[in-house]
Amino acid sequence: PLPDLDFASGAPQSRRHGDVYFSGDGLSEKRAVFLEGCGLPLAWAGRERFVIGELGFGTGLNLLAAWDLWRRNRPSPHARLDYLSFEGALMPAEQAAQIHEMWPEMAELAGELRARWPDRARGVQRIGLPDGVTLTLFVDEIAAALPLAHPAPDRAAGCSARG
């Protein structure tokens, strides 16, 4: 299904669930709540692999904020960031583009993401991004998607949050 969004408040809000994708300046909110809440970038310092998991890919803004921080604070040129996300109703890239325009400072990364925007098909999609970042997106209802996510055998350090 497509997300049924209302933009009356300026930020996207799900009519179906009543969830607000972000409030105020969404990027500042994501940096403060999501990234600082996970203790980043300190938590990945000195690690060659780090995993972030989130429920609700939404606009991809959490990924963009994490990727931007990773790009500026990557522990080494060979370090990898694995970003796992779950989404029940993936928005089309065109709709994400309209939302991403709110943050011109993210234009380069947002363009890179949209050039590889996931298909709106149920299942698991793994998308390689620059800077050692890999997005693994589970598109389905959470009850069906969660069993498909298996923990990495090497116990990579990470954090999780709700997008």
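Residues are numbered from 1 along each chain as its sequence is written. In this predicted model, local features need pLDDT of at least 70, side-chain atom pairs count only at pLDDT 80 or more, and side-chain values use heavy atoms, without hydrogens and water.

Reader: How many of the 13 residues of helix 2 are buried?
Author: Helix 2 covers residues 61-73. Helices here are DSSP runs (H or I, at least four residues), numbered from the N terminus. Buried means under 20% relative accessible area, with a 1.4 Å probe and protein chains only. Helix 2 is mostly covered, and its buried residues number ten.

Reader: Which residues of helix 1 are buried?
Author: Helix 1 spans residues 26-35. Its buried residues are Gly26, Leu27, Lys30, Phe34 and Leu35.

Reader: Where is Asp140, and is Asp140 buried or exposed?
Author: Asp140 lies in the loop between strand 6 (133-139) and helix 5 (142-145). Strands are DSSP runs too (E, at least two residues). The relative accessible area of Asp140 is 18%, so Asp140 is buried.

Reader: Which side chain makes a polar contact with the side chain of Asp140?
Author: A polar contact is a pair of N or O atoms within 3.5 Å; within protein, one must be able to donate a hydrogen and the other to accept it, and residues adjacent in sequence count only if both atoms are side-chain atoms. For the Asp140 side chain, the distance is 2.6 Å, and the partner is Arg122.

Definitions and conventions: Expected span 1.5 Å × (residues − 1). Buried < 20%, exposed > 50% of the residue type's maximum accessible area, 1.4 Å probe, protein only.
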